[in-house]
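Subject: Structure handover

Hello,

Here is the structure I promised to pass on to you. My notes on what turned up in it follow just below.

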Amino acid sequence: MPRSTALTLRFAQLFVGLFLYGASTALQVRAVVGVSSWTVLTEGLENVVPWSFGVITVVSSGIILLFWIPLRQKPGIGTLLNALAIGPSADLVLWLVPTPSELVGRVLLFVAGLVLLAVATAFYIGAGFGTGARDGLMVGLHERLGWPVWVARTVIEVSVVIVGWFLGGDVGAGTVVAAFAIGPMVQPLMPVFRRFPWSPERTRAATPVQEARVAAASEVA
């Protein structure tokens with residue numbers, strides 16, 4: 001596959017993944033059964049600092065990036081686009097999707113949002129343009145400490161929920177489910193979205209030895 005075509009398809013994968021990520025966040029908000037872990041933390045910080053929700057989100061992203069340094073993670077264009085694209089896509093889906101009146105409908109909407117979040121995470125990370133600030137922690141712990149993806153994600157989710165809850169953030173049943181479920185859901189999807197013909201692992205694997213390394217990395221993920 002020509003490099004220009006592969007690059008175009010990788011960008012398409014990145015944008016689709018980021019759109020789905022924002023959409024999944026909106027679905028969980030509309031479900032009204034408990035916000036995600038990072039939203040709990042943001043709500044808690046609103047009780048501590050005199051900033052808006054959006055300002056706290058931006059500032060916390062910058063602070064989180066500092067933790068990338070000991071984990072040896074490098075931000076990419078995907079890191080920047082993560083901050084710019086997810087918010088508008090979430091706003092669009094919030095405008096399109098109302099909150100179901102029945103509890104069953106809200107639970108189903110939350111489940112759909114949770115599944116979509118796992119798919120979106122693996123989808124945009126697989127494009128190889130870098131992770132968002134928060135997902136970068138998961139990848140860094142996986143790569144540098146050898147933790148399985150699901151363990152790294154679960155530790156982060158639970159830690160963030162606990163801190164946010166102590167600060168006064170809104171915790172519900174959906175928050176607890178998401179904290180423990182999202183890691184195991186992302187784990188098997190990570191290698192799947194790294195096997196497209198245009199994936200960077202495929203385009204760089206020019207020798208049998210490199211192919212073997214790619215396969216090994218996929219098994220670890």
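**The largest pocket**

Lining the largest pocket are 36 residues, and those nearest its centre are Y21, T25, T57, I86 and R134. A pocket here is an open set of points on a 1 Å grid over the protein atoms alone, with protein on both sides within 12 Å along at least five of seven lines, and lining residues have an atom within 4 Å of a point. The space inside the largest pocket comes to about 940 Å³, a volume being the space filled by probe spheres set on the points, which are joined across faces, edges and corners.

By class, this lining has 16 nonpolar, 15 polar and five charged residues. Ala, Val, Leu, Ile, Met, Phe, Trp, Tyr, Cys and Pro count as nonpolar, Asp, Glu, Lys and Arg as charged, and the others, Gly among them, as polar. Helix α5 gives the most to the lining of the largest pocket, with nine residues. Among the other elements that supply at least two residues each are α1 (3–31), α3 (53–66) and α9 (173–186).

**How to read the model**

Please keep in mind that this is a predicted model: local features need pLDDT of at least 70, side-chain atom pairs count only at pLDDT 80 or more, and totals for chains, interfaces and linings use all residues. Residues are numbered from 1 along each chain as its sequence is written, and side-chain values use heavy atoms, with hydrogens and water left out.

**The chain as a whole**

The protein chain has eleven helices and zero strands; both are DSSP runs numbered from the N terminus (helices H or I, at least four residues; strands E, at least two). For its 221 residues a compact globule would have a radius of gyration near 17 Å, and the chain agrees with that at 18 Å. That radius is taken over C-alpha atoms, and the globule rule is 2.2 Å times the number of residues to the power 0.38. Along the principal axes, the C-alpha atoms fill a box of roughly 55 × 35 × 25 Å.

Of the 221 residues, 44% count as buried (under 20% relative accessible area, with exposed over 50% and partly exposed in between; 1.4 Å probe, protein chains only).

**The nonpolar core**

The largest nonpolar core has 43 residues, and L14, W38, L137, M138 and I156 have the most contacts inside it. Such a core is a set of buried Ala, Val, Leu, Ile, Met, Phe, Trp, Tyr and Cys residues joined through side-chain atoms within 4.5 Å. Helix α6 gives the most to this core, with ten residues. Leaving aside neighbours within four places in sequence, L137 is in contact (heavy atoms within 4.5 Å) with W38, I64, F67, W68, L71 and I156.

T121 is in helix α6, which covers residues 103–126, and counts as buried because its relative accessibility is 0%. Beyond four places in sequence, T121 touches Y21, D135, M138, R153 and V186. V119 is also found in α6, but V119 is partly exposed, with a relative accessible area of 25%. Outside its sequence neighbours up to four places away, V119 touches L189 and F193.

**A cavity too**

One cavity of 30 Å³ or more turns up in a search of the whole structure; in a cavity, a 1.4 Å probe fits but cannot get out. About 40 Å³ of space lies in the largest cavity, and its lining is made of T25, Q28, V29, V35, S36 and T39.

Best wishes
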